[in-house]
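Hi everyone, thanks for coming. Let me put today's structure on the screen, and then we can walk through it together.

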Amino acid sequence: MISSVVSAFMNPGGLLTVVACVALMFTPVSGIFAHAADSQFAGLDSRGIVERIRSDCRPTKIVANSNDIDRIIASYACLPHGGCLDYFSDAVAMSLSDLRRLEVVSLSWWDAASGISSVEADLHNIVPANAGVASNRRDYPPGVVTEPLYTNGFWCSGIGAIEGMETNFYEPADRFKGDFARIYMYMVAVYPQPLWSGRAPMIYADGYYPLLTAYGRDILLKWHREDPVSDLERKRDSAIALEQGCGNPFVSCPELAEYIWGVHCDEIFPGGDDPDGPSDPDDPSEEPIMLKARYSVSADRRIDLRSPYVAAGSSWTIDGSAVSGESISLDEVTVGRHELRYAGDRSRGKLIITVEP
């Protein structure tokens with residue numbers, strides 16, 4: 001049954017990426033993402049969620065090699081029966097070489113003087129598209145096009161309106177509107193700007209909160225709700241997270257958007273501390289906390305070796321040393337990065353954690 005060893009990496013955003021599991025073991029990567037995200041943002045208000053995404057959800061590795069980038073794109077865009085998906089056409093390209101890498105959020109929106117190398121390299125912002133897209137889409141923001149100036153029957157660009165004022169938009173295909181909305185959310189949350197450039201101010205707000213203009217909030221939430229996360233989007237997110245060490249939290253935990261900008265924006269993300277009072281860290285009956293990517297010696301007392309995706313009874317090691325019991329005291333762990341490995345009857349894997357002061 002075991003097809004290969006699980007390779008698992010826990011990134012700073014608390015998002016666990018797993019690939020090549022036991023015949024997939026009926027354990028979708030998205031389920032692991034979602035559970036980790038639930039824990040990572042528990043107890044935070046909308047501003048706190050935004051700050052946590054900005055601090056913890058940046059890529060930990062830049063993928064610069066062109067062949068590696070093509071391999072990652074091919075892993076989700078190339079079809080089993082041949083051909084590759086074009087995010088701007090309903091026709092399947094013969095091969096990946098027939099497509100181009102297109103930035104979903106225009107790079108011209110960032111101030112080049114402040115340095116945008118990390119923005120340029122983030123694969124969450126790149127999709128495969130035919131060569132004609134860039135010249136017709138330009139740097140237009142996403143929106144509802146009422147007067148198309150270009151269309152291929154799948155997507156279009158042209159004239160739309162914001163509060164009665166006509167302006168240029170592009171409108172993705174219906175099947176990708178939610179995907180693109182979550183990319184726009186991710187890029188502004190991870191790479192905010194004190195002052196946006198070009199057409200960005202139509203959708204992005206200056207500063208570090210609340211990130212979106214009223215129009216940007218309305219259109220992105222609309223598409224986010226109408227086009228939920230698909231299996232393809234989860235597959236894409238998993239492939240990128242495996243290489244960059246970071247997934248898009250709006251894919252793994254879609255409800256975050258509602259707690260930042262939507263119907264729950266005045267509420268605390270569920271799963272935080274008991275409102276009746278703080279828990280006693282010395283109480284042995286305290287509920288274990290699911291494994292996460294980042295621990296603080298001052299805030300966390302231990303690492304609980306618990307996960308719904310790791311079989312109970314699995315053996316654990318930290319940096320090659322065997323662990324006895326079901327937790328590791330942070331008094332016994334140095335500040336820095338550490339490798340946890342587990343082994344059970346049907347699966348094996350590893351994850352990386354970071355311990356901070």
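Let me begin with a question: is Cys 246 buried or exposed? Cys 246 is buried, because its relative accessible area is 0%. Here buried means under 20% relative accessible area, exposed means over 50%, and partly exposed is in between, with a 1.4 Å probe and protein chains only.

A word on the source before I go on. This is a predicted model, where local features need pLDDT of at least 70 and side-chain atom pairs count only at pLDDT 80 or more, while totals for chains, interfaces and linings use all residues. Residues are numbered from 1 along each chain as its sequence is written, and side-chain values use heavy atoms, with hydrogens and water left out.

Now, the cysteines. A disulfide is a pair of cysteine sulfur atoms within 2.5 Å, and by that rule the count comes to one. The partners are Cys 78 and Cys 84, with an S to S distance of 2.3 Å. The angle about the S-S bond is 65°, and the link of Cys 78 and Cys 84 is right-handed. Cys 78 counts as partly exposed at 27% relative accessibility, whereas Cys 84 is buried at 2%.

Cys 246 is in no disulfide. Cys 57 is buried too, with a relative accessible area of 0%.

Next, helix 7, residues 214-226. Helices are DSSP runs of H or I with at least four residues, strands are runs of E with at least two, and both are numbered from the N terminus. The expected span is 1.5 Å times one less than the number of residues. For the 13 residues of helix 7 that gives 18 Å, and the end C-alpha atoms are 18 Å apart, so the two agree. Its buried residues include Tyr 215, Trp 223 and His 224. Among the elements covering them, by contact (heavy atoms within 4.5 Å), are strand 6, strand 7 and helix 6.

Finally, some backbone geometry. Most residues other than glycine have a negative phi, and most peptide bonds are trans. The bond from Tyr 209 to Pro 210 is cis, with omega near 10°, and Pro 210 lies in the loop between helix 6 and helix 7. Glu 163 has a positive phi of about 50°; Glu 163 sits in the loop between strand 6 and strand 7 and is exposed at 83%.
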